[in-house]
Amino acid sequence: MQVLTGNCCNIMPTKDKKRGSRALAPDILSNLPDNIIDAIVMRLPLRDAVRTSVLSKMWRYNWCRLPVWTIDQALWDMTNNAISPTTRFTNIIYHLLTLHVGPISKFTLSIATLGNCPKIDNLIYFLSRNGIQHLVLQFPRGNLYKLPSSFFTCSQISHLSLQNCLIMFPPAFKGFEKLVSLELCDVTIPSKFIGSLISCCPLLEHLVLHSTISNHIQIRAPKLRSFDFTGKLIFLSLEDVPLLEKLSLVDTGYSGKAGKCGIAKFLESFPALKHLHLDYFSVRFFAGEVTKQLPFALNSLKRLHLSEFSLDELDVASCALYLIKSFPFLQEIEIEVYDDWVEPAGGDVTSEILEKVKSLSNVTLNHLRVVEFAGITGTDPEMQLIKLLLAKSPKLARMLIKPGVGDDTPKSRIEVLAEITQFRRASPRAEVVYKLA
């Protein structure tokens, strides 16, 4: 039996009455409806989709009307290695431009591993004329490709992801009116144009900026729901984002004293925020003017994620604890400990940090259900925080603890586990999982 994928049909061999044997109907592939053939071809990798042209005369050019294309490293690995990747890429683009018919709704080009960035101006022009809606372009690092003017005429585009390229906006460009999702990673672009680009995309809901800006920008996006930023926080200003639900900040440019910006002043701009991710340096950036709790209610926040974090610095630890106390409806906490950023705290500082941690004893986390710790080494502030979260979370369902690596730790893994098992749990259903390996 031969089965064609795509939940379309099962082709059973037919019985040859004269010979008494079973044989495939001679032209059944050619007689399949076009919509079934298209459904089959669309589910195949590009190289295999092209190879279907040998199955039947009726299949010869079906791949030419594929609406979704992915050209990436997997394609280079499966083609003739005697030919350079750049030549293979050029041949593929030539066949696409000369043989394809119909619209292309999604196109992914990932050539980050190529030594040189080939010219693809004609390809961009072709896509702009064929209704492209979802476009991903990833170019080789260190060899920036300047997007041609035809790129800015992609009027139907709704999802755009760019990596390692140069953007210079033409004077007449008015934005992408249908753009919903935008990702810019290692893109060279004048900072003033980033703000203009975002404000000229009235439907924008998802925004990713990674190491893209080098000067101050203001982001105004009234429909924005998620924002993922990796870069220099000192240059970033978020305004008019009343619907923002998910925020991730990783500060790559911090230097100097902690507390450049108060966390309370920053958070008051996001009344709908549900998920917050901060790394160590972004917490340090905001670790100024910490009071007992936020001066306003932020009841919407459900998940707090602190990455590459350390409890060995007083200002940073105070800010993190301040956040935990300030979100009364918090349901999930994830903390990834990474102590290489700072020197181990001395005795006096450790005592102050422990006092800050103990301040959680006055707070009951009535909605907290899941806690994850990674990189735990058994320091006193870490153990005290684990103890208090177990004792002050009556609805806690699961706490997952992953120990740190290395031998230079205050306590062995067995000692940490033995201590944790003695902690009181406010929730009778709380499951504590300690991964020894």
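Predicted model: local features only at pLDDT ≥ 70, side-chain atom pairs only at ≥ 80, totals over all residues.
View A. Residues are numbered from 1 along each chain as its sequence is written, and side-chain values use heavy atoms, with hydrogens and water left out.

**View B. The aromatic pairs (ring centres of Phe, Tyr or the six-membered ring of Trp within 6.5 Å; planes under 30 degrees apart are stacked, over 60 edge-to-face, the rest tilted).** That rule gives 13 aromatic pairs. One of them is Phe151 with Phe176, edge-to-face at 5.7 Å centre to centre and 80° between the planes. Phe151 sits in the loop between strands S8 (145-146) and S9 (159-163), Phe176 in the loop between S10 (165-166) and S11 (181-185), 25 residues apart; strands are DSSP runs of E, at least two residues, and helices runs of H or I, at least four, numbered from the N terminus. Both Phe151 and Phe176 are buried.

Back to Phe152 and Phe173: their ring centres are 5.1 Å apart with planes at 65°, so this pair is edge-to-face too.

**View C. The aromatic cluster.** Phe151, Phe152, Phe169, Phe173, Phe176 and Phe193 make up one cluster.

**View D. Gly378, in the loop between strand S20 (370-376) and helix H11 (380-391).** Gly378 counts as buried, at 1% relative accessibility. Leaving out residues up to four places away in sequence, Gly378 touches Met383, Pro410, Lys411 and Val416 (contact: heavy atoms within 4.5 Å). Val416 is 38 residues from Gly378 in sequence, yet their C-alpha atoms are 5.9 Å apart.

How values were computed: Buried < 20%, exposed > 50% of the residue type's maximum accessible area, 1.4 Å probe, protein only.
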